[in-house]
Amino acid sequence: MSSTVSHQRDKRSLDYAIRSGIAGGLAGCIAKTAVAPLDRVKILFQASNPEFQKYAGTWTGAYRAGLAIYRDGGARGLLQGHSATLLRIFPYAAIKFMVYDQWRALLIPNTDNETNFRRFTAGALAGMTSVTFTYPLELVRVRMAFHSQLSSDSAGQTRLSFPSAMRVIYNEGSTPSPAARITTAQIFERFPVLKFYRGFSVTMVGMIPYAGTGFLTWDFLRAHFFPVVDDHSKRPHPLANLAIGAVSGAISQTVSYPFEVVRRRMQVGGLTRPDRWLRWGETVRAVYANGGWRGFYVGLGIGYLKIIPMTAISFAVWQGGKSLLGA
């Protein structure tokens, strides 16, 4: 395989976009599968599942929580919600990587326009675009991962499946009184699809620093270590892509993590307040009251354990997939 790659390909062509999207979707599925058990534990910590709060706050807590899940449900328990993850992650990652290529080609048509602000903007727009199209699947995934064996037993329910999780979300809330003024409950009753967008606003805001910083770091480090010379650049070794992806994941996770904690609380809000939206302010106050400023970073340790390898794998597989597909 050649050690250099030409930059003369039309990255805004439909053919290139499709190949990049397929590579990105497969990369997302492989990366998410590799860290699925850690993702389940992290969601339980972030959303303050009462059965698992005793494990939060220590580096060994994630391991002990994982053992507890395994004892209750075996390997299936560790992968609970992963079916929804795969249904979501392929279109999410495909759109994110494909759209990033398109936004980058538009904002940075040549090296003279290559600035960190443009890199950040291209990444943020790519992340926001992908979230807009796939958010309901993300909400279902979080609900499935939040559901625990003890809550199932106490309610006389079986483990949540993807269709049953969708039905639960769709039917949340009570029927409002016709005499009452317009409330969130009435809006939910008239437009049930909105129940699948709990936490959407904070997700979009949090995606700006997360995707923007991730792609900025990725693009900056690649340009620094593998600069373009005479319209050609050295092709990075897969290990180099893994390393750069890992650094990108660590930085983006750090700057955006408080938004993620608030987002998880709002996403599971239908379980505690099914009749209305949980607002930003009250969710932030609840997180702070529960754990102070540290509450906004609960689960960050396991977040690093998850996001660093996941981002490394996704970027590396995306690049390798594009190379195999001729993109």
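Let's start with Ala 27, which is found in helix H1, residues 14-34. Helices here are DSSP runs of H or I with at least four residues, strands are runs of E with at least two, and both are numbered from the N terminus. Is Ala 27 buried or exposed? Ala 27 counts as buried because its relative accessibility is 0%. Buried means under 20% relative accessible area, exposed means over 50%, and partly exposed is in between, with a 1.4 Å probe and protein chains only.

What does Ala 27 touch? Leave aside its neighbours within four places in sequence, and Ala 27 is in contact with Ser 314, Val 317 and Trp 318. Contact means heavy atoms within 4.5 Å. Now look at Phe 90, 63 residues apart from Ala 27 along the chain. The C-alpha atoms of the two are separated by 8.3 Å.

A word on the model. It is predicted: local features need pLDDT of at least 70, side-chain atom pairs count only at pLDDT 80 or more, and totals for chains, interfaces and linings use all residues. Residues are numbered from 1 along each chain as its sequence is written, and side-chain values use heavy atoms, with hydrogens and water left out.

Now the whole protein. It has 13 helices and two strands. Of its 327 residues, 50% are buried. Take the contacts with a separation of 6 or more: 79% of them join residues 24 or more positions apart.

On to helix pairs. Two packed helices are described by the angle between their axes and the distance between the axes. Axes are lines fitted to C-alpha atoms, for helices over the stretch in contact, and angles run from 0 to 180 degrees between N-to-C directions.

First pair on my list: H4, residues 82-107, and H13, residues 300-324. Their axes come within 12 Å and cross at roughly 70°. That makes H4 roughly perpendicular to H13. The cut-offs: under 35 degrees is roughly parallel, over 145 roughly antiparallel, 65 to 115 roughly perpendicular, and the rest oblique. H4 passes H13 in a right-handed crossing. Right-handed means the near helix is turned clockwise from the far one by less than a right angle; anticlockwise is left-handed.

Who makes the contact? From H4 come Phe 97, Tyr 100 and Asp 101; from H13 come Ser 314, Phe 315, Trp 318 and Lys 322. By class, that is four nonpolar, one polar and two charged residues. Ala, Val, Leu, Ile, Met, Phe, Trp, Tyr, Cys and Pro count as nonpolar, Asp, Glu, Lys and Arg as charged, and the others, Gly among them, as polar.

Next, H4 with H9. They pack at about 60°, with axes 13 Å apart. This crossing is right-handed. H4 brings Tyr 92, Lys 96, Phe 97, Tyr 100 and Arg 104, and H9 brings Met 207, Phe 215 and Asp 219.

Then H5, residues 116-146, with H9, residues 200-225. The angle is about 135°, and the axes are 6 Å apart. That makes H5 oblique to H9. The contact residues divide into 15 nonpolar, seven polar and two charged.

Last stop: Tyr 210, in helix H9. Why does Tyr 210 count as buried? Because its relative accessibility is 19%. Beyond neighbours within four places in sequence, Tyr 210 is in contact with Ser 252, Gln 253, Ser 256, Ile 307, Met 310 and Thr 311. The C-alpha atoms of Tyr 210 and Ile 251 are separated by 8.6 Å.
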